[in-house]
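Try each task before you read the solution.

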Amino acid sequence: MINSQESVDHSKKNDYRTIEQTMEKLSGGTRRLAAQLTTSASFESLWNVLTDYDRLNLYIPNLLSSKKIYQKDNNVHLKQIGAQDFLGMKFSAEVTIDLFEEKKLGLLKFNLIKGDFRKFEGSWKIQKIKDTSKNSLIYDLTVQGCQWMPIGMIEKRLKKDLSENLIAVDRQAKSSIN
């Protein structure tokens with residue numbers, strides 16, 4: 001990834017990972033965040049976890065529900081509800097997203113159909129790391145909250161969530177092999 005602003009070593013958990021993150025401030029309170037994790041999990045196991053849409057909430061932190069509401073070929077619509085605790089107050093957001101699967105490219109691209117954000121779009125990408133048995137798992141998100149959402153709090157929380165989501169997908173992909 002280009003211009004990585006943070007790199008986190010999770011080797012204390014006996015499972016070496018490197019997470020790199022970038023965050024870009026765009027106009028109108030829009031933020032583009034990207035996070036990348038290096039993993040020994042196989043392409044197939046990562047893909048299976050990411051496309052297990054009705055069960056994503058079982059292992060992705062702060063995702064209360066995820067339900068596939070439409071599928072035709074490689075086009076899927078999902079309804080998802082996430083929740084956060086901000087200073088003791090419960091905050092939840094709902095989105096319905098249009099998702100396009102491109103398995104040969106290891107790519108899941110999504111766009112907001114409707115929901116509690118003005119913009120919510122991005123992708124998950126699995127890439128083979130050349131000359132190794134490892135893969136990169138990349139999560140890219142562009143988000144713009146509604147007027148009442150304080151962007152500073154959202155930005156800080158999203159940075160934490162992106163890393164947690166990558167780790168959760170990696171952990172699930174590795175456990176599904178066994």
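**Exercise 1: a glutamine in a strand**

Gln-36 is part of strand 3, residues 30-39. Strands here are DSSP runs of E with at least two residues, helices are runs of H or I with at least four residues, and both are numbered from the N terminus. The model is a predicted one, in which local features need pLDDT of at least 70, side-chain atom pairs count only at pLDDT 80 or more, and totals for chains, interfaces and linings use all residues. Residues are numbered from 1 along each chain as its sequence is written, and side-chain values use heavy atoms, with hydrogens and water left out.

Task: Decide whether Gln-36 is buried or exposed, and find which side chain makes a polar contact with its side chain.

Solution. 
- Step 1. Buried means under 20% relative accessible area, exposed over 50%, and partly exposed in between (1.4 Å probe, protein chains only). Gln-36 has a relative accessible area of 13%, so this residue is buried.
- Step 2. A polar contact is a pair of N or O atoms within 3.5 Å; within protein, one must be able to donate a hydrogen and the other to accept it, and residues adjacent in sequence count only if both atoms are side-chain atoms. The side chain of Gln-36 has such a contact with the side chain of Ser-136, at 3.4 Å.
- Step 3. Look at Gln-21 too: its C-alpha atom is 6.6 Å from that of Gln-36, although 15 residues separate the two along the chain.

**Exercise 2: the surroundings of a serine**

Task: Work out which polar atoms the side chain of Ser-66 meets.

Solution. 
- Step 1. Find Ser-66 in strand 4, residues 63-72. Its relative accessibility is 6%, so Ser-66 counts as buried.
- Step 2. A polar atom of the Ser-66 side chain lies 2.6 Å from the backbone oxygen of Tyr-53.
- Step 3. The side chains of Ser-66 and Gln-80 are joined by a polar contact of 3.1 Å.
- Step 4. Contact means heavy atoms within 4.5 Å. Leaving aside neighbours within four places in sequence, Ser-66 is in contact with Tyr-53, Asp-54, Leu-56, Asn-57, Lys-79 and Gln-80.

**Exercise 3: a lysine for comparison**

Task: Is Lys-114 buried or exposed?

Solution. 
- Step 1. Go to strand 7, where Lys-114 is placed.
- Step 2. With a relative accessible area of 56%, Lys-114 is exposed.
- Step 3. Not counting residues up to four places away in sequence, Lys-114 touches Glu-94, Val-95 and Thr-96.
- Step 4. Lys-79 is 35 residues from Lys-114 in sequence, and their C-alpha atoms are 9.4 Å apart.

**Exercise 4: the core**

Task: How many residues does the largest nonpolar core have, and which helix gives the most to it?

Solution. 
- Step 1. A nonpolar core is a set of buried Ala, Val, Leu, Ile, Met, Phe, Trp, Tyr and Cys residues joined through side-chain atoms within 4.5 Å. The largest has 38 residues, and those with the most contacts inside it include Phe-110, Phe-120 and Leu-141.
- Step 2. Helix 2, residues 151-175, gives the most to this core, with 6 residues.
- Step 3. Leu-141 touches, among others, Phe-110, Phe-120, Leu-158 and Leu-162, not counting residues up to four places away in sequence.

**Exercise 5: the whole chain**

Task: How many helices and strands does the protein chain have?

Solution. 
- Step 1. The protein chain has 2 helices and 9 strands.
- Step 2. Read along the sequence, their pattern is β-β-β-α-β-β-β-β-β-β-α.
- Step 3. Of the 178 residues, 45% count as buried.
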